[in-house]
Amino acid sequence: MKLRNLIDSMSYLELVNCEDTSIEIDGVSYNSKKTKPNDIFICLTGEHVDGHEYAEEAVSNGAVVCVVERRLNLDIPQIVVSNTEDVLAKISAEYYANPSTKINVIGVTGTNGKTTVTHLIQHLYEAFDQKCVLIGTLGYKFTSNEKYHGGEHTTPQAPELQRLLYYVNERCFDNVAMEVSSHSLAQHRVDYVDFKGAVFTNLTQDHLDFHITMENYFRAKAKLFENLVAGDFAVINNDDEYATRLKEYISPSVSVYTYGSNKDSDVMAKDIKFGNSGAKFTCIVKGKSYKVDLKMNGMFSVYNILAALTTALAIGFDIKKAIKVLENVSGVAGRFEIVVTKPTVIVDYAHTPDGLENVLKTAREITPENGKLICIFGCGGDRDTTKRPKMGKIAEKYADKVIVTSDNPRSENPQQIITDILAGFKSVAEVIVEPDRELALKEAYKIANANDVVLVAGKGHEDYQILANETIHFDDREKVREIFIGE
């Protein structure tokens, strides 16, 4: 693409050293170390890093144009804009010829459930003989049966995302189910992605280290729905306290579908029952009743299934067939995954107060009367500190025994994080504190009997621990098998 084409597509304050606009652009970069010859380099100003300070390195690596917020002493063309973060997505979309306009992209957002719901949507498309790419926390994959690729962020940065969507279009895939994080919405990563549908799962406390307030967090999520236009659809969890407000951000020309179990909705779950084999309920869709027998368990799984079924309704899939498809899905890696039996050891990604409460409630329901529920969890460092005592309070309420440990402490002292968690307990006399996560699992092994249920929360699918100066390999599922059954 020639520079003039990018300039024509964007607004700017001024052009510097830009006499020749026929310069050929071969890529979009925002990381100076990864910049390649003939790239256009975007100087992002972040919380901790200012890209302008790395522009010279980008030029030495081959950048031929820089997009800046202030003029730099560089002898190459510069495009001066008011906010480089705002234009990164625009430039990326233009460079890759706006690929999302040629694909049906469904975005799923919410505090919990995004990963599972996107997986369920991919399964649905495939069952109806349509190709669907999944993009999310675990990376991306072109079919439900293949392994993941990538996976650094829940939602990739704009150049990577637009390049991936371009590749999806090149491979003749018509559909994408994508997790859309609040960070990506606030940081403009998904600007200029043409979403044909948006799904809202729920909104509970998380990421307040970034958003500061729940209002900011909500407003970030609402952006996904504000941008929908006539012909698009929105799927809303009607039971969530933010549902009514969210609907106010949706254009009247957009088709809105709701789901829930408490409020009257387009898709409803009634007579819900849980057992060791999974959840069962009656699903009412537009007045018609269907029996649902899931392999997944817990109320959170019911909501995830409802979200997927409502999306199926919005797309126009046959509901009876969609139910049969979802009944055969066993779940997602690291989401209430039963790793060992006798005792039953469950690994789950729950890392928010609401998420922990949901999985503990479900774990309690499958705990035998003569068994106890043991919970192992920690909280991430350099993240929202206010949720730590709340999660301690929840663990104490639902579990018979609690082991508090580390979960990606990052630059923080693990003991300080644990102290913050313990502040939520009424009594810490019975709490086991073990900062070393492997030793914490060994403590659970010592105290667990065959009839007990052990919930290992916080990391789920993650296979690493982020420490102050390094990231080490650590997979809860691997360690559980090693400690509990010697594998």
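A nonpolar core is here a set of buried Ala, Val, Leu, Ile, Met, Phe, Trp, Tyr and Cys residues joined through side-chain atoms within 4.5 Å, where buried means under 20% relative accessible area with a 1.4 Å probe and protein chains only. The model is predicted, with local features needing pLDDT of at least 70 and side-chain atom pairs counting only at pLDDT 80 or more, whereas totals for chains, interfaces and linings use all residues. Residues are numbered from 1 along each chain as its sequence is written, and side-chain values use heavy atoms, with hydrogens and water left out.

**View 1. The nonpolar cores.** The largest core has 42 residues, and those with the most contacts inside it are L124, V267, F281, C283, I305, L306 and L309. Helix α10 gives the most to this core, with 10 residues; helices are DSSP runs of H or I of at least four residues, and strands are runs of E of at least two, numbered from the N terminus. A second, separate core of 33 residues includes M178, V190, L224 and I236.

**View 2. Helix α4, residues 114–127.** Because 11 of its 14 residues are buried, α4 is largely enclosed by the rest of the structure; among the buried residues are H119, L120, L124 and Y125. Just after α4, D129 takes a positive phi of about 60°.

**View 3. Helix α11, residues 319–327.** The buried residues of α11, including I319, I323 and L326, pack against α4, β14 (278–285), β15 (288–293) and α10 (299–315), contact meaning heavy atoms within 4.5 Å. At the start of α11, a side-chain oxygen of D318 reaches to within 3.4 Å of the backbone nitrogen of K320.

Definitions and conventions
Expected span 1.5 Å × (residues − 1). Buried < 20%, exposed > 50% of the residue type's maximum accessible area, 1.4 Å probe, protein only. Polar contact = N/O pair within 3.5 Å; in protein donor to acceptor, adjacent residues only side chain to side chain.
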